[in-house]
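These are my notebook entries on one chain. I set down what I looked up, entry by entry.

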Amino acid sequence: MGKRTVVPGGAAESAPAKSPRNRGVGMLIITAYGIFAVSAFARAFYQITPFPQEGKVQFVDAPLALTLSAFAAAVYVVATLALARTSATAWRVALVAVLIEMVGVIGVGAWTLIQPELFEVATVWGGFGRDYGFIPLILPFVGLFWLFRHRP
């Protein structure tokens, strides 16, 4: 049932009820963030864990790239959890996480073009998310649009 609002002149008008931001299309956005949280975490874990393997780059060989992968994973986990909740605090946390993601993917993407020698090991945000079909570049804009449409 919708909210009833009073318009000038005293007439009441029903506004359609807005669905929570974690329902409908919001669930698709949360799912996308969840997939990136899992994949970024798995990638960072594999890259950072010192499994002795032939041909595997170790953390000491590429600490910057591997740290950025772990940071991206943490941002995706926080964004996923915050987007899944409906409180005003969760909205603010999601907003900050998605903004950090946007700055991160643009900043790291540009950095990988300017100094590619620092990024011989791929990161989630490297090349603007090239290894992930550029979805990391698109996702924060979708997330921000959704958040601003569903302000608390």
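Is phenylalanine 134 buried, partly exposed or exposed? I found that phenylalanine 134 counts as partly exposed because its relative accessibility is 39%; buried means under 20% relative accessible area, exposed over 50% and partly exposed in between, with a 1.4 Å probe and protein chains only.

I note that this is a predicted model, in which local features need pLDDT of at least 70 and side-chain atom pairs count only at pLDDT 80 or more, while totals for chains, interfaces and linings use all residues. Residues are numbered from 1 along each chain as its sequence is written, and side-chain values use heavy atoms, with hydrogens and water left out.

**Entry on the loop.** I located phenylalanine 134 in the loop between helix 3 and helix 4. Helices (H or I, at least four residues) and strands (E, at least two) are DSSP runs, numbered from the N terminus. Phenylalanine 134 is not a glycine, yet has a positive phi of about 60°. I then looked up phenylalanine 128, which lies in the loop between helix 3 and helix 4 (135–149). For phenylalanine 128, also not a glycine, I recorded a positive phi of about 60°.

**Entry on helix 1.** I checked the span of helix 1 (residues 25–48): at 1.5 Å a residue, its 24 residues should span 34 Å, and the end C-alpha atoms are 34 Å apart, which agrees. The expected span is 1.5 Å times one less than the number of residues. Among the buried residues of helix 1 I listed Ile29, Tyr33, Phe36 and Arg43.

**Entry on arginine 92.** I placed arginine 92 in helix 3 (residues 88–114). Arginine 92 counts as partly exposed because its relative accessibility is 47%.
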